[in-house]
Amino acid sequence: MSGAASAAAFPPLREELRGLEPYGAPQLDVPVQLNVNENPYGPSPECVADIAAAVAAAATTLNRYPDREFTELRTALAAYLSRDTLPTRGFEVRPEQVWAANGSNEVMLQLLQAFGGPGRCALSFAPTYSMYPEYARDTVTTWVQGRREDDFTLDLDAARAQVLEHRPTVVLLPSPNNPTGTALPPEAVAVLCEAAASYEPSGVVVVDEAYGEFRRAGTPSALESLPEHPNLVVSRTMSKAFALAGARLGYLAADPRICDAIRVVRLPYHLSAVTQAVALAALRHAPELLGKVDELRVERDGLVTWLREQGLEVADTDANFVLCGRFADRHAVWQDLLEHGVLVREVGPEGWLRVSVGTPQEMETFRTAFRRVREAGT
Ligand code: PMP
């Protein structure tokens, strides 16, 4: 065989992956990074010292595999989640209801590995988080893209009808939604969990609360509904409000039978001893790490008002980011902002851009850059 012929067939990638780009926002070294919805505030020196000491302690036994069941971490995460259930609903989340992995993307991929697969489908409502179809693709699960209303809200009758029509074994429901920031109506969990339980094989409903800690006062977490719905999964992450994106720790709460099913598909020792130590130390500093959430909410609401004053359409948001438009040429606006040292995200429906909420100084830089870009006529 000639070299050219063998090069054409190499590497032997799955047909449906040919020509695809890996997922991810551009990683650019820019002064103001408002593109991946991180918490802009880093840990205090005390928190850094505690994390470093925990890693040093873990390092003394790195010749051994870590605790495969990460029991201590599951217990600490359960206690953390119980803060959302005990005062309002009077129950605690138990450690056997908790599962964790390297970011909530991995948690949800594991859910698809366990509950998706050939002959089954997963469904979400677009526009939504663009990794969802990738979990489906990678687990050979059929992807069904349901629809949201024009203002990005979910019409529950329409959503229920779409679930009953396609009978997905996994429904992915972000609340708040990315990239729009839209929160789910509180009745959504019961309506869609009941719909997904009404056919065979039934579906699990994953409420992805990656941005859940940013929700408005009075909005319940889906965690509160766990006792009523054995097919409900609530996914969370330490990457956003918890200010720990670099540590890669996502987790879920669900019926223990769901956690046990995931244990069948997880790789052995998937959570390193270092990851477990870092997450445990960070949880001890939860009040500090979450301490800027209120300020970020205020900054977000200020940004929404300001962008509307500039004549833009802005989606109502409960998250730490804002989707605004509509730009005739969003790429040109993205590029011009970049030239002013501000990186935002070109994502979501055509004509819209997503801006993460940063520090007050970063937002001031964004506003100045944005004004200049508009004055220059982009
Ligand atoms: N869900 C949503 C809605 C997200 O926006 C993200 C990150 N952008 C994730 C899950 C995954 O985050 P991580 O893997 O860092 O937990």
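Biologist: Where does Pro 127 lie?

Modeller: This is a predicted model, so read every feature as computed. Pro 127 sits in the loop between β3 (121–126) and α6 (132–138).

Biologist: Which peptide bond ends at Arg 326, and is it cis or trans?

Modeller: The bond runs from Gly 325 to Arg 326, and it is cis. Omega there is near -10°. Arg 326 belongs to the loop between β10 and α13.

Biologist: Now a phi angle. What is phi of Val 140?

Modeller: It is near 55°. That is a positive value in a residue other than glycine. Val 140 is in the loop between α6 and β4 (142–147).

Biologist: On to the domains. How is the protein chain divided?

Modeller: Into domain 1 and domain 2. Domain 1 takes residues 26–41 + 292–375. Domain 2 takes residues 47–289. Their C-alpha centres are 26 Å apart.

Biologist: How do I read the contact between them? How many residues of each domain take part?

Modeller: First the general idea. The size of an interface is often given as the accessible area lost when the parts come together. Here we count residues in contact instead. Domain 1 brings 20 residues, and domain 2 brings 19. On the domain 1 side, α12 (293–309) and β10 (321–325) each supply at least two residues. By class, that side of domain 1 has 10 nonpolar, five polar and five charged residues.

Biologist: Let us take helix pairs. At what angle do α7 and α8 pack?

Modeller: For a pair, read the angle, then the distance, then the residues. Helix α7 covers residues 156–166, and helix α8 covers residues 188–196. They pack at about 20°, with axes 9 Å apart. Angles under 35 degrees count as roughly parallel, so α7 is roughly parallel to α8. The crossing is right-handed.

Biologist: Which residues of α7 and α8 meet?

Modeller: From α7 come Leu 156, Ala 159, Arg 160, Val 163 and Leu 164. They meet Ala 188, Val 191, Leu 192, Ala 195 and Ala 196 of α8. The contact has nine nonpolar residues, no polar ones and one charged.

Biologist: Next pair. Is α5 roughly parallel or roughly perpendicular to α9?

Modeller: Start with the angle. Helix α5 (residues 104–115) and helix α9 (residues 256–265) pack at about 90°. Their axes are 9 Å apart. The range 65 to 115 degrees counts as roughly perpendicular, so α5 is roughly perpendicular to α9.

Biologist: What makes the contact?

Modeller: Helix α5 gives Gln 110, Leu 111, Gln 113 and Ala 114. Helix α9 gives Ala 261, Ile 262, Val 264 and Val 265. By class there are six nonpolar, two polar and no charged residues.

Biologist: One last pair. How do α13 and α14 cross?

Modeller: At roughly 125°, with axes that come within 9 Å. Helix α13 spans residues 330–339, and helix α14 spans residues 360–375. That angle makes α13 oblique to α14. The crossing is right-handed.

Biologist: Which residues meet there?

Modeller: Val 333, Asp 336 and Leu 337 in α13 meet Ala 369, Phe 370 and Val 373 in α14. The contact holds five nonpolar residues, no polar ones and one charged.

Biologist: Finally, the ligand. Which residues come nearest to it?

Modeller: There are 13 residues around the ligand. Gly 103, Ser 104, Ala 210, Thr 237 and Ser 239 come nearest.

Biologist: How do the residues of that shell divide by class?

Modeller: Four are nonpolar, eight are polar and one is charged.

Note on methods:
Residues are numbered from 1 along each chain as its sequence is written. This is a predicted model: local features need pLDDT of at least 70, side-chain atom pairs count only at pLDDT 80 or more; totals for chains, interfaces and linings use all residues. Axes are lines fitted to C-alpha atoms, for helices over the stretch in contact, and angles run from 0 to 180 degrees between N-to-C directions. Helices (H or I, at least four residues) and strands (E, at least two) are DSSP runs, numbered from the N terminus. Angles under 35 degrees count as roughly parallel, over 145 as roughly antiparallel, 65 to 115 as roughly perpendicular and the rest as oblique. A crossing is left-handed if the near helix is turned anticlockwise from the far one by less than a right angle, and right-handed if clockwise. Two residues are in contact if their C-beta atoms, placed from the backbone, lie within 7 Å. Ala, Val, Leu, Ile, Met, Phe, Trp, Tyr, Cys and Pro count as nonpolar, Asp, Glu, Lys and Arg as charged, and the others, Gly among them, as polar. Domain bounds come from an automatic or database domain assignment. A residue is near a molecule or strand if its C-beta atom, placed from the backbone, lies within 6 Å of it.
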